[in-house]
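Please read the points alongside the coordinates.

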Amino acid sequence: MIVRVSGEGQYRLPDEDRERLNELDNRAVSAVEHGDETGFRELWSQMLELVASDGNALDEDELIESDVILPPRDVTFQEAQGEFTGEGLIPDG
Amino acid sequence: MPGLGGRFSTVIKAKISRMLDRAEDPSETLDYGYQKQVELLQNVKKGVADVVTSKKRLQMQSTKLEQQVVKLDTQARQALSQGREDLARAALERKTVAQTELQSLDQQVTELEAQQEQLTENEKKLRTKIEAFRTKKEVIKAQYSAAEAQVKISEAAHGVGEQMADVGLAIQRAEDKTEQMKARAGAVEELEAAGTFEDITQLGPAQDDIDRELASLGAGAQVDDELAKMKAELGSGEGDAPALGQGEKEGSA
């Protein structure tokens, strides 16, 4: 599977990681929904760690769409809470 | 993934679709796509340049504040050496405000610098991808039937589109950040304009609006500490600070 960390680049991860990443992701969202910033931070860094340990960076001239796009590494709790819904973070221009 | 990554993917993909939908004539997708990418790359470059400009402006603001801090500290010492504790306190209160703003400004400039570095890096990646697209479109033109080419090129266009959308997002975030910083810097400028950092010797001991505002900022404890420290320094034989308004005299003997 191809995973992009927004603002950084794309990584190729073994398909077996899909479930693990998905689980962490769901728990991260749950933490956000419960206003648990510490929990969110912890899960978020686990997600990034998984990408870093199992992923291989794609060559820059590879033109492949990602299966999953993760938020920027320095995503704030507030951004995670609100702005990823709708079009908040993405300019329309 | 329905979660964070899922939501984020959805948002970026919607943006890519909008971008690609602008290729009106499908038969021209290849060349138009490339031309559009080159055009958008110019916007990206401009976006990065704007972030750099904003950062420089905020750095200048920060330098100005640093000078204010030094000036107010000097004024506090001068006031104290003349036994004007009320004026010294007022100067120190202003110094505390300026210092707090300075810290926040410096931290944000550092964050912005990191974002800018990453933006430049990503702009480079985008350029590489656009160049790869150009090569690929010639290969596709030469090797595939129209129908096959459409599929191949759509994949490649999505690959470039994703990078484009991602850099666009990073620029947007950096711009949001500079907007917030500009607002803060503007607030400091307003304080300055209102005379907060004006020459302390111009101010009487009476409580004006600014004094009340400063007092309400809760700078009290820190000001008390600094005042005590300054008094101790002045009391321990270093009491030859220049008098108010006299300026520097050393070296003229």
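1. The area buried between chain B and chain A (accessible area, 1.4 Å probe, lost on being put together and summed over both) is about 3,700 Å², with carbon and sulfur atoms giving 54%. This is a predicted model, in which local features need pLDDT of at least 70 and side-chain atom pairs pLDDT 80 or more, while totals for chains, interfaces and linings use all residues. Side-chain values use heavy atoms, without hydrogens and water, and residues are numbered from 1 along each chain.

2. In contact (heavy atoms within 4.5 Å) are 37 residues of chain B and 41 residues of chain A.

3. Between chain B and chain A, 4 salt bridges are counted, a salt bridge being a side-chain nitrogen of Lys or Arg within 4 Å of a carboxyl oxygen of Asp or Glu. One of them joins Asp74(A) to Arg173(B), with the closest N and O atoms 2.7 Å apart.

4. Over all chains, the whole structure holds 22 salt bridges. Among them, Lys231(B) and Glu85(B) pair at 3.1 Å, N to O. Because Lys231(B) lies in helix α6 (residues 220–235) of chain B and Glu85(B) in helix α3 of chain B, the pair ties together parts 146 residues apart in sequence; these helices are DSSP runs (H or I, at least four residues), numbered from the N terminus.

5. Within chain A, Arg27(A) forms a salt bridge with Glu23(A), the closest N and O atoms being 3.1 Å apart. Both residues lie in helix α1 (residues 17–33) of chain A, 4 residues apart, about one turn of the helix.

Notes:
Chains lettered and ligands numbered in written order. Buried area = accessible area lost by both parts, 1.4 Å probe. Helix = DSSP H or I, 4+ residues; strand = E, 2+ residues; numbered from the N terminus.
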